[in-house]
Amino acid sequence: MQVGMIGLGRMGGNMVRRLLRGGHSCVVFDAHAANVATLIGEGAIGATSIEDFMAKLQTPRVVWLMVPAKVVDPILEQLAPYWTAGDVVVDGGNSHYIDDIDRAKSFGDRGIHYVDAGVSGGVWGLDGGYCLMIGGEATAVGRLEPIFRTLAPGDSEVRLKPDTSGVQNPTGAQSTAREGYLHCGPAGAGHFVKMVHNGIEYGLMAAYAEGFNILAHANTGGRTHSVDAETAPLRHPEHFQYDLPIPEIAELWRHGSVVRSWLLDLTADALADNPTLENFAGSVSDSGEGRWTAHAAIDTATPAPVLTVALMERFRSRGEGGFADRLLSAMRLQFGGHHERPAPK
């Protein structure tokens, strides 16, 4: 099957490679000509412009965008003069699902099908496959089935426990979820599911980070502590005398533990490579999905304290709580004459 891919970064480029391996024909375009040239060398058909890209695709076309959310609409505007009825456009980035609802209506009025696809798998997806969360009309999604099946991991030979292979969709048919892709519902449903997926990711990552941080502080009793009115004393330093082998504990938990996961696999790999993590500043970005998850939770009155606090901690990691912290010190000085202690180095 032929598909056109716009956006050949870490995700888009490897998705093209996986599609080529699966026997599909790929027309590719990217703002960076070097990315196009690399994939031409691997069997893709390169395009030098949006017009050239659309001309090289057979009609009805399948155009997949793998670009940041903020540039989706500008690219769609560039594509607008070239669409013909029956074309399908897939947004595989992390767009807000509400934008999908609006785009699907706009495209539908012109006889063009809009599909949203949340894609998870990161830089490992080339070999391991991508988890695909899909929204849009059933007919358009069905037409893209060969592409989804190639990109997805497929039913693993290592059977998951518990075995849920018998799960069915609402129509009673066998679900494709175990293959690693799923038509989640109408326009926006794919990105809504991916949005919550990323919100959960924030919470999981924060839980691991906090737990390992406690392990890293298990030797606090052996450190020198200030003794003054501004510092809460450690009442039982003898209880915290453990210099724990944190990289080995991360590896240990990968084997038989109830907290094992792919995120833990990656954590163990990072700690094995750099146990003190000194090459990281600890300024943690958020790309939007965590915020949108929190907004959805608020709008629907759905309690989500773990996911929301995990998002707030990312803000704090970037120094966004600095003014509040300085104000706390100022208030303590005002009401009690408490002078701020120097920050630990």
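I take buried to mean under 20% relative accessible area, exposed over 50% and partly exposed in between, with a 1.4 Å probe and protein chains only. By that rule, buried residues make up 38% of the 345 residues in the protein chain.

**Ground rules**

I am working with a predicted model, so I note that local features need pLDDT of at least 70 and side-chain atom pairs count only at pLDDT 80 or more, while totals for chains, interfaces and linings use all residues. I number residues from 1 along each chain as its sequence is written, and my side-chain values use heavy atoms, with hydrogens and water left out.

**Overall layout**

I looked up the secondary structure and found 14 helices and eight strands in the protein chain. Helices (H or I, at least four residues) and strands (E, at least two) are DSSP runs, numbered from the N terminus. The C-alpha atoms fill a box of roughly 75 × 50 × 45 Å along the principal axes. I then turned to contacts, meaning heavy atoms within 4.5 Å. Among those between residues at least 6 apart in sequence, 64% join residues at least 24 apart.

**Cores**

For a nonpolar core I use a set of buried Ala, Val, Leu, Ile, Met, Phe, Trp, Tyr and Cys residues joined through side-chain atoms within 4.5 Å. Which residues have the most contacts inside the largest one? They are Val16, Val28, Trp64, Val115 and Phe148, in a core of 31 residues. Helix 1 (residues 10–21) gives the most to this core, with four residues. I followed Val16 and, leaving aside residues up to four places away in sequence, saw it touch Met5, Leu8, Cys26, Val28, Leu39 and Ala44. Another core, of 21 residues, lies apart from the largest one, and Phe29, Leu79, Trp83 and Tyr114 are among its members.

**Val63**

My next stop was Val63, in strand 4 (residues 62–65). Val63 counts as buried because its relative accessibility is 0%. Beyond residues up to four places away in sequence, Val63 touches Gly4, Ile6, Phe53, Met54, Leu57, Leu79, Trp83, Val88, Val89 and Val90. I also checked Val63 against Asp87: they are 24 residues apart in sequence and 7.9 Å apart in space, C-alpha to C-alpha.

I fitted axes as lines to C-alpha atoms, for helices over the stretch in contact, with angles from 0 to 180 degrees between N-to-C directions. My angle classes are roughly parallel under 35 degrees, roughly antiparallel over 145, roughly perpendicular from 65 to 115, and oblique for the rest.

With helix 10 (residues 246–253), helix 9 (residues 189–216) has its axis come within 10 Å, and the two cross at roughly 135°. Helix 9 is therefore oblique to helix 10. The contact is made by Phe212, Leu215 and Ala216 of helix 9 with Ile246, Ile249, Ala250 and Trp253 of helix 10. I sorted residues by class: Ala, Val, Leu, Ile, Met, Phe, Trp, Tyr, Cys and Pro as nonpolar, Asp, Glu, Lys and Arg as charged, and the others, Gly among them, as polar. This contact of helix 9 with helix 10 has seven nonpolar, no polar and no charged residues.

The axes of helix 9 and helix 12 (residues 289–299) come within 8 Å and cross at roughly 105°. How do helix 9 and helix 12 lie to each other? They are roughly perpendicular. Helix 9 brings Phe192, Met195, Val196, Asn198, Gly199 and Tyr202 to this contact, and helix 12 brings Glu289, Gly290, Trp292, Thr293 and Ala296. By class, the contact of helix 9 with helix 12 divides into six nonpolar, four polar and one charged.

Also in helix 9 is Asn213. I logged Asn213 as partly exposed, with a relative accessible area of 43%. Asn213 and Met54 are 159 residues apart in sequence and 51 Å apart in space, C-alpha to C-alpha.

**Backbone notes**

A reminder to myself: most residues other than glycine have a negative phi, and most peptide bonds are trans.

- I found a cis peptide bond from Thr59 to Pro60, with omega near -5°; Pro60 is in the loop between helix 3 (50–55) and strand 4.
- I found a positive phi, near 55°, at Leu277, in the loop between helix 11 (262–273) and helix 12. Leu277 counts as partly exposed, at 34% relative accessibility.
- I found phi near 55°, again positive, at Ala301, in the loop between helix 12 and helix 13 (305–317). Ala301 is exposed, with a relative accessible area of 66%.
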